[in-house]
Amino acid sequence: KAPFAARNRFTAGEKGWIFLERFASMVKVAMTPPDQAALVTYSNSEDLRKLLITGGGDLRSAVVDGREALKHVLKKSSDELSTKRFSTVSLDLQRGGRSVGGRETVWNLMLYMTEFLINNWDQEQRSQRQRQLYLAVVQHDSALILA
């Protein structure tokens, strides 16, 4: 018996909110130079790390190639999101109010991140590089500093 609520029996790969976290990681990879993408992905699963790096690379290419390419990448993400599961129930809905569902919320956040990325690509890429340089200096990682 679960002390606070029913146990969530979905795997991480099935969960919609985990999908959003992975998409956010792909956005971060997209802003990172391709040769340094492995440095900003963390997972105990090598398959997941490859998925994040590949997805981030696809997103990077799409942003550079333009809105049509980005629409194609987002369509793939939308199709994948439609297979994900959301197990939580909003308290607003329990009380009879209107609430946006988990899938719609995740999709809107993905669109917001993507639009932000398009509109701020150069600045965000510079910020990401500065952050990596700062971490390299703090960690005394001369190979990364020279990269």
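1. Helices, of at least four residues, and strands, of at least two, are taken here as DSSP runs and numbered from the N terminus. On that basis the protein chain, which is a predicted model, contains seven helices and zero strands. Read from the N terminus, the order of elements is α-α-α-α-α-α-α.

2. Of the 147 residues in the protein chain, 28% are buried. The accessible surface amounts to about 9900 Å², and carbon and sulfur atoms account for 54% of that area. Among contacts with a separation of 6 or more, 68% join residues 24 or more positions apart.

3. In soluble globular proteins, nonpolar side chains tend to be buried together. The largest nonpolar core in this model has 17 residues, and those with the most contacts inside it are Phe23, Val27, Leu59, Leu70, Met110, Leu117 and Trp121. Two or more residues each are supplied to this core by helix H1 (16–30), helix H2 (46–65), helix H3 (67–81) and helix H5 (102–119). H1 gives the largest share, five residues.

4. Apart from neighbours within four places in sequence, Trp121 is in contact with Ala30, Met31, Arg60, Val63 and Val64.

5. Is Tyr134 buried or exposed? Tyr134, which lies in helix H6 (residues 121–138), has a relative accessible area of 51%. Since exposed means over 50%, Tyr134 is therefore counted as exposed. Together with Leu135 and Val138, Tyr134 forms a nonpolar patch on the surface, and the three have about 270 Å² of accessible area together.

Definitions and conventions. Residues numbered from 1 in each chain as written. Predicted model: local features only at pLDDT ≥ 70, side-chain atom pairs only at ≥ 80, totals over all residues. Heavy atoms only, no water. Patch = residues over 30% accessible without salt bridge, like charges linked within 9 Å, V, L, I, M, F, W, Y side chains within 5 Å. Areas by Shrake-Rupley, 256 points an atom, 1.4 Å probe, with all protein chains shown as cover. Salt bridge = Lys/Arg side-chain N within 4 Å of Asp/Glu carboxyl O. Buried < 20%, exposed > 50% of the residue type's maximum accessible area, 1.4 Å probe, protein only. Core = buried A, V, L, I, M, F, W, Y, C linked by side-chain atoms within 4.5 Å. Contact = heavy atoms within 4.5 Å.
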